Amino acid sequence: MAYDRGTFDEFKTALAQVRSSAPGSRRHFSIPSFHKPLPAMTPASNFYGQIGLQRPQVQPFNAPPNNQFVRRPAHPLQHRHSESDIRPRQPSIKTYQTHTRSRVSGKRQSVSDAHKEILKLLINDPEKSRKHPHPKNVKRGTVEFAESMAHQEANIPHYWELYKENTTFSEILSIFKSAFGTDYKKIAIDARGSTYSTIVKMVNETFDSTKIGHGQDAKGLERLSYSKLWITKIQRIENPQLFRKYVHKRQEIFLNLSKMNLACCQTVRQLPSSSGEITTHNYLSQTMRKELFSEINEVYLFHGTKPDTIKTICNTGLDPRLGSGKAMFGSGIYGAEKASKADQYTDGSLTRTGGPGKEKKMFLMRVALGNCYLCTDLNPQKYRRPPCTKCKRDDCKTHDSNYDSVVGDNKKLFREFVVYDGVQCYPEYLITYERR
Ligand SMILES: [Zn+2]
């Protein structure tokens, strides 16, 4: 569907006007009409179907000025929504059609409600297709694929509730906040589905009760008695604005690959002196694995954080500038391949709690590691950005090629996966759990 962006801007302005009017007063908002005749399956027909009015026919040249449309059920072929999707009729709104605009008028609240429904419809089509978004006819793991990914139009993941085929990011973004009033939606993951069970398995298998309290950041945990992380809830954070930034970063990494005429980055397992595959990867379902771009080392990693920062992260993502600065590999965003490690950061070392009712939260984030620098130093540099691929310094002025991430693998307790750019990770799942 091709929408005119101006249409959405008009929607937003109109809604603001309706909202700012005095309660109970009669107001109207108007939207520009589409100049070409519309096929039955357009948002306009949905729109008219939703408010229980027939889509306006082309007006004869000498149409009378009072061209109000008769309220009657829409023809079944004119909209695709099942009965349960159709909101109750709005007895207090009327629509008018002039040659340039469609107009809805009535009580402020009714118009505002109708308007919100229109916005939601435009991004929540129940018959949205779930086609795979990868470029067609280009083989994965080739230079051509890297090139096509570098230039592919960004879109949100097709399994998100917000996904709608043939709708661009800009269109979703321009109506999202108006419709929902927030930057993101939290979607509860069905506990009977495969995504839920995959994540539960990932947490269980990467939690090692014999390591509780081990390591510098684990202080205080040894005093609690628990042997597992008991998951109570998993939610997906659907933040289109944030995901768009992440996709752009991913494209940048693909572009760098294709400029070097390479198809894939070395995987973490292939890096010299690597301890092997990223643990979370071993427990990914086929479905989740297929969504990741292994060509640029896109992986799922845990990130534990205190409850008071969760909302900020859902809104604007992770920010390397907010780190302590004392972290081993410098001021980056740290991802963990084991839930045991992430669990250490979900509360402060002096205020540890455990047991039923003491909820903790960690993210399972998507991270585009790209070209990784494997660092085996026991006392590594405090990096401010990924080091130069030639001299391994983060402040190199001689060369112009940097890694995308650092993998701290000094054969100690846990490996660290560090990126220095907030948009290189996306906090996709929020896991709520208790220490039991
Ligand atoms: Zn250098």
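In the predicted model, Val406 stands opposite Val418 in strand S11. This pairing belongs to the contact between S10 and S11 (residues 416-419), two strands that run antiparallel and are joined by three bridges. Both strands are part of an open sheet of four strands, arranged in the order S7-S11-S10-S9 and mixed in its pairing. On average, and with direction ignored, neighbouring strands here are turned by 25° against each other.

The loop between S9 (372-375) and S10 (405-408) contains Leu378. Leu378 is exposed, having 9 other C-beta atoms within 10 Å, where a residue counts as exposed at 12 or fewer. Although Leu378 and Asn410 are 32 residues apart along the chain, their C-alpha atoms are separated by 6.0 Å.

In soluble globular proteins, nonpolar side chains tend to be buried together. For the chain as a whole, 36% of the 436 residues count as buried, and the secondary structure comes to ten helices and twelve strands. Among contacts between residues at least 6 apart in sequence, 75% join residues at least 24 apart.

A second open sheet consists of five strands in the order S4-S5-S12-S8-S6, with antiparallel pairing. Its edge strands are S4 (185-188) and S6, each of which pairs on one side only. Neighbouring strands of this sheet are turned by 30° against each other on average, direction again being ignored. S6 is joined to S8 in the antiparallel sense over seven bridges; within this pair, Glu298 stands opposite Ala368 in S8, and Val299 stands opposite Val367 in S8. Apart from residues up to four places away in sequence, Val367 touches Val299, Leu301, Gly335, Phe417, Val419, Gln424 and Cys425.

Although S6 is an edge strand, seven of its seven residues are buried, so S6 is largely enclosed by the rest of the structure. Glu298, Tyr300, Phe302 and Gly304 point one way from the strand, whereas Val299, Leu301 and His303 point the other way, and all are buried.

Helix H7 is among the elements that pack against S6. At 1.5 Å a residue, the 20 residues of H7 should span 28 Å, and this agrees with the 28 Å by which its end C-alpha atoms are apart. The buried residues of H7 comprise Pro240, Leu242, Phe243, Tyr246, Val247, Lys249, Arg250, Ile253, Phe254, Leu257 and Ser258. Against these residues pack helix H4 (143-151), helix H5 (169-180) and helix H9 (310-316), as well as strands S6 (298-304), S8 (359-368) and S12 (425-435). Just after H7, Asn261 takes a positive phi of about 60°.

Helix H6 (residues 194-205) lies across S5 (229-238), S8 and S12, and runs at about 130° to S5. Its twelve residues reach 16 Å from the first C-alpha to the last, which is close to the 16 Å expected at 1.5 Å a residue. Thr198, Ile199, Met202 and Val203 are the buried residues of H6. Seen down the axis of H6, these buried residues fall within an arc of 130°, so they line one face of the helix. An α-helix has 3.6 residues a turn, so residues three or four places apart point the same way. The cover over the buried residues of H6 includes S5, S8 and S12, together with helix H8 (286-291) and helix H10 (339-343).

Notes: Residues numbered from 1 in each chain as written. Predicted model: local features only at pLDDT ≥ 70, side-chain atom pairs only at ≥ 80, totals over all residues. Buried ≥ 20, exposed ≤ 12 C-beta atoms within 10 Å, placed from the backbone. Contact = placed C-beta atoms within 7 Å. Expected span 1.5 Å × (residues − 1). Pairing = 2+ DSSP bridges. Axes fitted to C-alpha atoms, helices over the stretch in contact; angles between N-to-C directions. Arc of directions from axis to C-beta.
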